[in-house]
Amino acid sequence: MKPIHVGLLGIGTVGGGTFNVLRRNQSEIQRRAGRGIEITVVADRDVAKARALVGDAAKVVDDAFAVVRDPDVDIVIELIGGYTVAKDLILAAIDHGKHVVTANKALLAKHGNEIFARAREKGVMVAFEAAVAGGIPIIKSLREGLTANRIEWIAGIINGTSNFILSEMREKGLPFETVLAEAQRLGYAEADPTFDIEGIDAAHKLTIMSAIAFGIPMQFERAYTEGIANLTKDDIRYAEQLGYRIKLLGITRRTPAGIELRVHPTLIPTKRLIANVEGVMNAVLVKGDAVGATLYYGAGAGAEPTASAVIADLVDITRMATSAPGNRVPHLAFQPDQLSDTPILPMDEVETSYYLRLRVYDRPGVLADITRILADHTISIDAMVQKEPAEGEDQVDIVLLTHRTIEKHTNAAIARIEALPSVAGKVTRIRLEELGRH
Ligand code: NDP
Ligand code: HSE
């Protein structure tokens, strides 16, 4: 059978990895796909760079729109990134009847509903395994492997850059900026690294997983997002002393009142496998009603791990290209007319546990004031530690762990605690998840 022809848009970190892995494993991949998969044309802004990478194995052009219109191209891979040109290119490719593979989670989280609707209209596939957790086949697992289950919740370390930063800070005591620069050098970080640090990239990925897990439309604008920039060495150390590790976690959970969709630094018991995921590695914990908890682990970013996911999509499309559109796996796992309108729960209504750190004047009665306020808001304390004051200082750190409570109650209690004359400065609040029964 004639090989399937692929146009590659953007030959940077992931595009370069995809080109190399496809060439290296060509014959093995062909044995699996049932026909050859050839990148016949590459578009990049930097034609000289692209030519140096591709040699004479494919045509190189600078106009990506020429590729999406090319009648000789069957599948378009979009690896440019961003919301603007990438969106125009994907929609144009769909309109020209091409199947699309993309790693662009930002675009899908914001415009996925429109893109999938257009793809359905035109009877083409849009595949996006690489968009979530790099090389881990989490989309396939959620959409196909766990299809028998009612998914209850997902909790994941889904941003390699921020996990790399937290690991290096904790293990080597390196400063934040040094580790971020290294993540950028290694090609892990987004074009705008604030997406990584502020939890936005993780929220993009969580939005996609949540849609697939619960059969709801993509609703990135309703995701709660908090990044790692304000974490201090003291909090990382205190958490360790209490048996917890701090990770930037994306959590989506089905509750009777709605679906939680939140990304924030989270204390996790050190004894949990996921707490020990370090560096650029990602891990996603999925709780299904039938299967129980399942854990998926692997490289969350980087050229070849991400290429692994891009090529898996190429093979899937190659196998399914001749099947009737109605027989293919739906983009969001559920049939499009079966998506539900379950609301996303506002963060104020979310139930979780908390780590609270307060700096107080070392005077009698301080603890009683604090515990009274917590009790007034029906917040019960799980553990409390008072640190020794430094030599000559009259202020001490108090660390409290709470049982599960509703976020708005915690916020109200924190406001009252901060107003106490015996409390110095702001209360540090980090959410805590046991990742067990709940
Ligand atoms: P890079 O910046 O390394 O690569 C993007 C490439 O596209 C560059 O070569 C760039 O050229 C080129 N480009 C930009 N604009 C155009 C255009 N208009 N026409 C043609 N080419 C263009 O990005 P990555 O490979 O890191 O990321 C690509 C996508 O994959 C993004 O959506 C990202 O979020 C996603 N992703 C990345 C991962 C990673 O580990 N890096 C992992 C998972 C997903 P120039 O350099 O001249 O700008
Ligand atoms: N910047 C992303 C990360 C790339 O660090 O996880 C993979 O999506």
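Modeller: Let us begin with polar contacts to the ligand: an oxygen atom of ligand 1 is 2.8 Å from a polar backbone atom of valine 14. Please keep in mind that the model is predicted. A polar side-chain atom of aspartate 44 lies 2.7 Å from an oxygen atom of ligand 1, and a backbone N or O atom of glycine 187 is 3.0 Å from a nitrogen atom of the ligand.

Biologist: How much of the area that ligand 1 exposes when taken alone does the protein bury?

Modeller: Ligand 1 alone exposes 900 Å², of which the protein buries 79%. Ligand 1 sits in the largest pocket and is surrounded by 22 residues, the closest being Asp44, Arg45, Lys49, Glu190 and Gly302.

Biologist: Is asparagine 159 buried or exposed?

Modeller: Burial is read from relative accessible area, with buried meaning under 20%. Asparagine 159 has a value of 2%, so it is buried. This residue lies in the loop between strand E7 (151-157) and helix H8 (160-172).

Biologist: With which side chain does the side chain of asparagine 159 make a polar contact?

Modeller: The partner is the side chain of aspartate 201, at 2.7 Å. A polar atom of the asparagine 159 side chain also lies 2.7 Å from the backbone nitrogen of serine 162.

Biologist: Where is leucine 332 placed?

Modeller: Leucine 332 is in the loop between helix H13 (303-320) and strand E13 (351-361). Leucine 332 counts as buried because its relative accessibility is 7%. Beyond neighbours within four places in sequence, its contacts include Phe116, Ile212 and Leu339.

Key:
Residues are numbered from 1 along each chain as its sequence is written. Chains are lettered from A and ligands numbered from 1 in the order in which they are written. This is a predicted model: local features need pLDDT of at least 70, side-chain atom pairs count only at pLDDT 80 or more; totals for chains, interfaces and linings use all residues. Side-chain values use heavy atoms; hydrogens and water are left out. Helices (H or I, at least four residues) and strands (E, at least two) are DSSP runs, numbered from the N terminus. Buried means under 20% relative accessible area, exposed over 50%, partly exposed in between (1.4 Å probe, protein chains only). Contact means heavy atoms within 4.5 Å. A polar contact is a pair of N or O atoms within 3.5 Å; within protein, one must be able to donate a hydrogen and the other to accept it, and residues adjacent in sequence count only if both atoms are side-chain atoms. A residue is near a molecule or strand if one of its heavy atoms lies within 4 Å of it. Accessible areas come from the Shrake-Rupley method with a 1.4 Å probe; for residues, only the protein chains shown count as cover. On a 1 Å grid over the protein atoms alone, a cavity is a set of points where a 1.4 Å probe fits but cannot get out, and a pocket is an open set with protein on both sides within 12 Å along at least five of seven lines; lining residues have an atom within 4 Å of a point. A molecule sits in a cavity or pocket if more than half of its atoms lie within 2 Å of its grid points.
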